[in-house]
Amino acid sequence: MKFKGKTAVIIGGTSGIGLRVAENIIKGGGKVIVGGRTQEKMDKALSILGKSASGFLIDNTNKESIAAFFKNVDSFDYLFSPGASYGRGMMTEISDEVAESPFKSKFWGQYWAVKHSIGKISSEGAIVLMSGAASVRPVSGGAAYSACNGAIESLGKALATELAPVRVNVVSPGTIDSDLWQQQPAEVREAAFKSFCEANLLEKVGTVDEVASTVLFLLENTYMTGSTLYPDGGYALR
Ligand SMILES: NC(=O)c1ccc[n+]([C@@H]2O[C@H](COP(=O)([O-])OP(=O)(O)OC[C@H]3O[C@@H](n4cnc5c(N)ncnc54)[C@H](OP(=O)(O)O)[C@@H]3O)[C@@H](O)[C@H]2O)c1
């Protein structure tokens, strides 16, 4: 019962990696407050998570929505914020809106969520920001997305310095077979998985559990702060 008496806020906790982290915190005796944009995913997640969970809708591309979400939340111990919606593509081919979308949702969405947590998160608490291994090994067609992940990893270090003793760390996965990919057309998913298998040392795509266990480690370990961990099969090295 390592999370007994603890409450985690998970923005993007209604599917994939965030939902698996929520399930594990509840198994460990804790409570969760999950956020996401759609009522359908929220209802499904709350039925999986049971009575130790509550949830509120939030769209982290919208500052007012982030502020309204945190009005529902009192004191808590942990923040994990994998929720993000963005596009990517070659810079000559995408609209300005798509180009800016990773920063709008994934960078600023997490930045404002942390800001709204100050004063509510326990001084013994912890924050895990979501990044992605394109930060250290970019792919063509994802310039703003790669740079956004690099910025998040830098933000994690800066916030660890600014918010201590609250601990701040970052998880930066490779390609993970989460609901995000299951929603893509099969041919897109299979091509992406094949290319990622060829690009990492372990020659496989990661699982939601492999990332969730990294996040849980960063939440639990009381001497970890200012670090980025890469559950990426050695993608950055191959
Ligand atoms: N899966 C991978 O291969 C991979 C690799 C590297 C990094 N990541 C990062 O992991 C995160 C995605 O996690 P996942 O793979 O577990 O995907 P997922 O299963 O699609 O889960 C995404 C979660 O975030 C919520 N969400 C999406 N957009 C949101 C927004 N604008 N505001 C608030 N909540 C939002 C979704 O619910 P709603 O749709 O209802 O909003 C859902 O709960 C992203 O930050 C992504 O960059 C994923």
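1. In this note a residue counts as buried under 20% relative accessible area, as exposed over 50%, and as partly exposed in between. L57 has a relative accessible area of 40%, so L57 counts as partly exposed. L57 belongs to strand β3, which covers residues 53–57, and the C-alpha atom of L57 is 9.8 Å from that of G12, a residue 45 positions away along the chain. The model under discussion is a predicted one, and the points below should be read with that in mind.

2. Two or more lining residues come from each of the elements α1 (16–27), β2 (31–36), α4 (96–117), α6 (179–182) and α7. Helix α7 gives the most to the lining of the largest pocket, namely five residues. Sorted by class, the lining of the largest pocket comprises 20 nonpolar, 23 polar and six charged residues.

3. On salt bridges, a search of the whole structure finds five, and several of them can be described in turn. One of them pairs E220 with K2, where the closest N and O atoms are 3.5 Å apart. Because E220 sits in helix α8 while K2 sits in the segment before β1 (7–11), this pair ties together parts of the chain that are 218 residues apart in sequence. As for accessibility, E220 has a relative accessible area of 33% and is partly exposed, whereas K2, at 57%, counts as exposed.

4. A further salt bridge joins R20 to D209, with 3.0 Å between the closest N and O atoms. This pair also links distant parts of the chain, since R20 is in helix α1 and D209 is in helix α8, 189 residues apart. R20 counts as partly exposed at 27% relative accessibility, and D209 is likewise partly exposed, with a relative accessible area of 43%.

5. E198 counts as partly exposed at 49% relative accessibility, while K194, with a relative accessible area of 54%, is exposed.

6. Most residues other than glycine have a negative phi, and most peptide bonds are trans. The peptide bond from A164 to P165 is cis, with omega near 15°, and P165 is placed in the loop between α5 (143–163) and β6 (167–171). E203, a residue other than glycine, has a positive phi, near 55°. E203 is found in the loop between α7 and α8, and at 52% relative accessibility E203 counts as exposed, because the cut-off for that class is over 50%.

7. On the surface, L201, L202 and L237 form a nonpolar patch, and together they have about 350 Å² of accessible area. L201 is located in the loop between α7 (186–199) and α8 (208–220). With a relative accessible area of 46%, L201 is partly exposed.

8. A last point concerns R88, which lies in the loop between β4 (76–81) and α4. R88 has a relative accessible area of 42% and is therefore partly exposed. The residues R88 and G142 are 54 residues apart in sequence, while their C-alpha atoms are 5.4 Å apart in space.

Methods:
Residues are numbered from 1 along each chain as its sequence is written. This is a predicted model: local features need pLDDT of at least 70, side-chain atom pairs count only at pLDDT 80 or more; totals for chains, interfaces and linings use all residues. Side-chain values use heavy atoms; hydrogens and water are left out. Patches are made of residues with over 30% relative accessible area and no salt bridge: like charges are joined within 9 Å, nonpolar side chains (Val, Leu, Ile, Met, Phe, Trp, Tyr) within 5 Å. Accessible areas come from the Shrake-Rupley method with a 1.4 Å probe; for residues, only the protein chains shown count as cover. A salt bridge is a side-chain nitrogen of Lys or Arg within 4 Å of a carboxyl oxygen of Asp or Glu. Helices (H or I, at least four residues) and strands (E, at least two) are DSSP runs, numbered from the N terminus. Buried means under 20% relative accessible area, exposed over 50%, partly exposed in between (1.4 Å probe, protein chains only). Ala, Val, Leu, Ile, Met, Phe, Trp, Tyr, Cys and Pro count as nonpolar, Asp, Glu, Lys and Arg as charged, and the others, Gly among them, as polar.
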